[in-house]
Amino acid sequence: MRNLYEQCLKQTRFEVLEFEQIFRLSQERLKQALEAELIASTYTVQKQKGFLYAEGTVPVLLAAHLDTVHHALPETICYSADGTVMMSPQGIGGDDRAGVYMILRLIQRVHCHVLFCEDEETGGHGARAFTKSGIKPDVNYIVELDRTGSNDAVFYQ
């Protein structure tokens, strides 16, 4: 199992990485892998301290953050008996790593703008860096794939 995981990390495309493997990457390594994936998906990427942005052709910005509330990367990932729930003694960080996974799947079909921010859990530093960068995406909607509870959606004007 470990050798398969290490082989997958050497790949440059997330198409070969599974949901579980996105949880195992550090924030820095995930940012690098996402940059490679976006470039391979014909995006022009702007990488700066705190964020990764790629301009799309559809006027929707998909956003997620790369960090999690957990300090350690999950070494062990277990599944419930029916396979629908993932868990780890080190924590999964699924609040936004699931958002990263969803964005990767969405951009395979729709060329939206994409924003991945760093250090959201410690004060929104990446989002702040993006707003200060001067990049102004021409979009009608921003969809942040994140959550705060177990069954929620938040809408802003």
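## Contacts along the chain

Among contacts in the protein with a separation of 6 or more, 68% join residues 24 or more positions apart; a contact here means heavy atoms within 4.5 Å. This is a predicted model, in which local features need pLDDT of at least 70, side-chain atom pairs count only at pLDDT 80 or more, and totals for chains, interfaces and linings use all residues. Residues are numbered from 1 along each chain as its sequence is written, and side-chain values use heavy atoms, with hydrogens and water left out.

## Fold and surface

The protein has five helices and seven strands. Both are DSSP runs numbered from the N terminus, helices being H or I with at least four residues and strands E with at least two. Starting from the N terminus, you can follow the elements as α-α-α-β-β-β-β-β-α-β-α-β.

Of the 157 residues, 41% are buried, meaning under 20% relative accessible area with a 1.4 Å probe, protein chains only. The accessible surface is about 9,500 Å², and carbon and sulfur atoms contribute 52% of that; the areas come from the Shrake-Rupley method with a 1.4 Å probe.

## An aromatic cluster

Now for the rings. There are two aromatic pairs in the structure, a pair being rings of Phe, Tyr or Trp (its six-membered ring) with centres within 6.5 Å; planes under 30 degrees apart are stacked, over 60 edge-to-face and the rest tilted. The rings of Phe51 and Phe130 have planes at 80 degrees and centres 5.1 Å apart, so this pair is edge-to-face. Because Phe51 sits in strand 2 (residues 51-54) and Phe130 in helix 5 (residues 125-132), the pair ties together parts 79 residues apart in sequence. Phe51 and Phe130 are both buried.

Phe130 also pairs with Tyr53: the centres are 5.5 Å apart and the planes at 40 degrees, so the pair is tilted. Together, Phe51, Tyr53 and Phe130 make up one aromatic cluster.

## The second largest pocket

The second largest pocket holds about 260 Å³ of space. Its lining has 20 residues, of which Asp67, Thr68, His70, His71 and Arg97 are the closest to the centre. A pocket is an open set of points on a 1 Å grid over the protein atoms alone, where a 1.4 Å probe fits, with protein on both sides within 12 Å along at least five of seven lines; lining residues have an atom within 4 Å of a point. The volume is the space filled by probe spheres set on the points, which are joined across faces, edges and corners.

By class, the lining of this pocket has eight nonpolar, eight polar and four charged residues. Nonpolar covers Ala, Val, Leu, Ile, Met, Phe, Trp, Tyr, Cys and Pro, charged covers Asp, Glu, Lys and Arg, and the others, Gly among them, are polar.

Technical notes:
Buried < 20%, exposed > 50% of the residue type's maximum accessible area, 1.4 Å probe, protein only.
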